[in-house]
Amino acid sequence: MKTPELINFLKEVQVSGREASVLEKVYAFVVRDFRTWWTYKLWVSIDILGTLTFVVSYYFVSKIVSPDILEAAGYGRDYLTFAVIGVAFQQYVFSSVSTLSESIRGEQWDGTMETILSSKTGFKTFLLGEAVFRFIMGSYFLLAALLVGVTIGVRITMNLGSILSAALMTILLIASHMIVGILGASLILKIKEGDPIVWSFSWLTQLFSGVLYPLNLLPSQVSWVGAIFPLTYSLDGIRRCLTVEATIFTPTVAEDIVKLAVFIAVSLPIALKAFKMAYDSTRSEGSLGQY
Amino acid sequence: MSDSALLAIFREEAPRLRSTFRQIYAVVWANLRIFFSYKFAVIMDLLSMVASIVMYFIMGLLVDPTQLSSRGYGNSYAAFVLVGVATQQYLWICLSRLSHMIQHDIRGGTLETVAVTQIRMGAYFLGQTIRGYLISLFSLLGMFAVGLFALGIPLVINIHTVGAAIVAFVLMIVANQAIGFATAGIVMVYKRGDPITFMLSGLNEFLSGVLYPLAMLQQFPIVYWMAQALPYTYALDAMRKALIGGATLLSPDVYFDVITLVIFSVVLLPIGLKVLQMGYNKIRENGTMATY
């Protein structure tokens, strides 16, 4: 897609005279962001190198881990698989969500946010367009991490039912963390600095969601904290599907799905409301493009 | 120090040589004030730091202690990883702080402004570097405090072991700061150096054995050889041998690590400073101090 075509999508003025659909605009955002990303080829290589080194690091860690505690928690005896799934999915959602906030800060910093929003492209389309590319890239690196993992010993089941169940859990994982991203973006719009929500979620989930260790290792006084975060249920379900051939019909996985669905149903309206309030407030103050 | 006092130092007409220390002090102080003005970010940094130590402490419960003790690092993974994770942030600061600051100042247009004042650029760069050290020292001490007093992680703390660890730590800073100076010189000219610092930092973390004993790399000779080419590998080994194994500067392993770090420092520091100076001279010649 050529640059003038991209601009036309964002302007909503097509050669044919019809208005561009939301899908076409989101596509234009994705192509724009991909082209910007591809410009920094050294960065691309470093991203790939980073994925490789994190997987290989846990390969070495797995060699000094005693698998008994892992087995007692119901995740088999393979720590490499446990850790790679945990870190890869945690990184996936948080790199996707945090880069969404970062891109909004970048657009504010560069002064391009007001330019886009003063066109016929609305904020919802803008937000969606910014988010989709991040999740595509996140998915790419998630798959790369799993692929590198498989080549060095990560064992993932090939059972179709389990893979489809893991895919469903991943969709719920994305949906639940988009809500976190929306909350983070609304705060960024208002306070113009940092990314407190995404940041808090990141370190709290690392600690309490069982990314690197099973939750039965947590002291009983704090083990309830993990229950607040959707990553806890997502990781539990995805691990059970990919390692011990569980499916959505397995009771523990079904329970995880219900909890994720409840989280999404309760928090989505709250996040959208918070975002609308922040957006309206910054527009009424005229500070949308300020940083 | 008040805003007006800081501005007076930056503006002062005193001969540059005489006022170098005051200028460094002013740059450090000004930047610390900026850092602490982001109170929420400071709190989040502290919480992240505590969370990462607690996380590795819990992860340590999974580790088979014989796998560590057979490689000479005691039997506590929490102690092993505490030394690695706590010093890793310093490594990142040495490698990237100056180049990030320069990129930030170039983008914000403030590097040019500072360059035309009376302040010596050497003092400015050093002040920015020291600011990074001070903030990271805060994190480093905080991590050790949480590890020692809150989690009861077993470290051998006496004047000989701590002394040996500090010597290795200071030499680690010198050797890696030299690489950081060179990176900053390159960033000034080419404007985009983040990939270089990320790559260097990532490779150091991976190859130097932050999360696992380095001896495990021996089954991959090329990777092991690469690890041996990094100063952080020796510093981490010496600090662990001292703080976990109770070794001192006179212990053969630590002694060897320290000598190797001295050689790295002596070779790398002049090169790093030269590249930084060349980079600065180049952007002045080209008139690209505010271009990004």
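## Exercises on a predicted two-chain model

**Exercise 1.** How many residues has helix α5 of chain B, and what span does it reach?

*Solution.* Helix α5 of chain B covers residues 77-108, which is 32 residues. From its first C-alpha to its last it reaches 44 Å. The expected value is 46 Å at 1.5 Å a residue, taking 1.5 Å times one less than the number of residues. Helices here are DSSP runs of H or I, at least four residues, numbered from the N terminus.

This is a predicted model, where local features need pLDDT of at least 70, side-chain atom pairs count only at pLDDT 80 or more, and totals for chains, interfaces and linings use all residues. Residues are numbered from 1 along each chain as its sequence is written, and chains are lettered from A and ligands numbered from 1 in the order in which they are written.

**Exercise 2.** Where does α5(B) bend, and what follows the helix?

*Solution.* First, find the bend: about 50° at Ser96(B). That is the angle between axes fitted to the seven residues ending there and the seven starting there. Next, go to the end. Gly109(B) follows α5(B), and its phi is positive, near 80°.

**Exercise 3.** Which helix of chain B gives the most to the side that touches chain A?

*Solution.* Start with the totals: 25 residues of chain B are in contact with 27 residues of chain A (C-beta atoms, placed from the backbone, within 7 Å). Then list the elements supplying at least two residues each: α3 (39-59), α4 (65-69) and α9 (194-207) of chain B. Of the chain B elements, α3(B) gives the most, with ten residues.

How values were computed. Two residues are in contact if their C-beta atoms, placed from the backbone, lie within 7 Å.
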